[in-house]
Amino acid sequence: MSAVEAKLAELGLTLPEVVPPLAAYQPAVQSGPYVYTAGQLPMVDGKLPVTGKVGLEVTPEEAKELARTCALNALAAVKSVAGDLDRIARVVKVVGFVASAADFTGQPGVVNGASELLGEVLGDKGVHARSAVGVAVLPLDAPVEVEIQVELAP
């Protein structure tokens, strides 16, 4: 077991299977030392635990937990390409999309769920640049979607 997966286990988490693509794309691709993930939905066992807009059907607290799940799914996608999560030199960028009610402005707090998970699991290697974007709707009516870019060690 890798050190990163041991840390996940210590946190009571397991790395899920890679979420299969919903369309014509790959869950992750490597270019040089970087791995880019596709947007990861908060799928658990092949389905979304909740759907809807944050600030209407989904609370910000629920959405923050869903963002954690997205980050976990993103790590699974990275592993599918890198082979070993211990190869992560650092998380470079996180982009979070939040399906938001018209008056909801707490997107950064929601995406903190992903950022905090990456920090808990990877320590200083998990510190990253980030965007948190409010959108009208996401695939399958998901409340949140997260993509990450990581740099791999040689």
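1. In this note, a residue is called buried when its relative accessible area is under 20%, exposed when that area is over 50%, and partly exposed in between (1.4 Å probe, protein chains only). By that scale, D141 is partly exposed, because its relative accessibility is 29%.

2. The model is predicted; local features need pLDDT of at least 70, side-chain atom pairs count only at pLDDT 80 or more, and totals for chains, interfaces and linings use all residues. Residues are numbered from 1 along each chain as its sequence is written, and side-chain values use heavy atoms, with hydrogens and water left out.

3. An unreviewed UniProt entry carries the annotation "domain: Endoribonuclease L-PSP/chorismate mutase-like" for residues 5-148. UniProt positions follow the numbering used here, feature names are shortened, and annotations may be inferred rather than shown by experiment. Across residues 5-148, the chain is 31% helix and 22% strand, with the end C-alpha atoms 18 Å apart. Helices (H or I, at least four residues) and strands (E, at least two) are DSSP runs, numbered from the N terminus.

4. The sheet is open and consists of five strands in the order β1-β2-β5-β3-β4, with mixed pairing; two strands pair if DSSP finds at least two bridges between them. β1 (28-31) and β4 are the edge strands, each pairing on one side only. From one strand to the next, the twist averages 15 degrees. β1 and β2 run antiparallel and are joined by four bridges. Q30 stands opposite V35 in β2.

5. Contact here means heavy atoms within 4.5 Å; axes are lines fitted to C-alpha atoms, for helices over the stretch in contact, and angles run from 0 to 180 degrees between N-to-C directions.

6. A salt bridge is defined as a side-chain nitrogen of Lys or Arg within 4 Å of a carboxyl oxygen of Asp or Glu, and the count by this rule is five. One of them joins K79 to E5, with the closest N and O atoms 3.0 Å apart. This pair links distant parts of the chain, since K79 is in helix α2 (residues 60-82) and E5 in helix α1 (residues 3-10), 74 residues apart. K79 is partly exposed, at 27% relative accessibility.

7. D141 and K53 also form a salt bridge (3.8 Å, N to O). D141 lies in the loop between β4 (129-135) and β5 (144-152), and K53 in the loop between β2 (34-37) and α2, 88 residues apart. K53 counts as buried, at 19% relative accessibility.

8. A further salt bridge joins K64 and E116 (3.2 Å, N to O). It connects helix α2, which holds K64, with helix α3, which holds E116, the two being 52 residues apart. K64 is partly exposed at 29%, and E116 is partly exposed at 36%.

9. S100 sits in the loop between β3 (88-99) and α3 (107-122) and is buried, because its relative accessible area is 13%. Its side chain makes a polar contact with the side chain of Q107 (2.9 Å); such a contact is a pair of N or O atoms within 3.5 Å, where within protein one must be able to donate a hydrogen and the other to accept it, and residues adjacent in sequence count only if both atoms are side-chain atoms. A polar atom of the S100 side chain also lies 2.8 Å from the backbone oxygen of V98. Not counting residues up to four places away in sequence, S100 touches K53, V54, Q107, G134 and V135.
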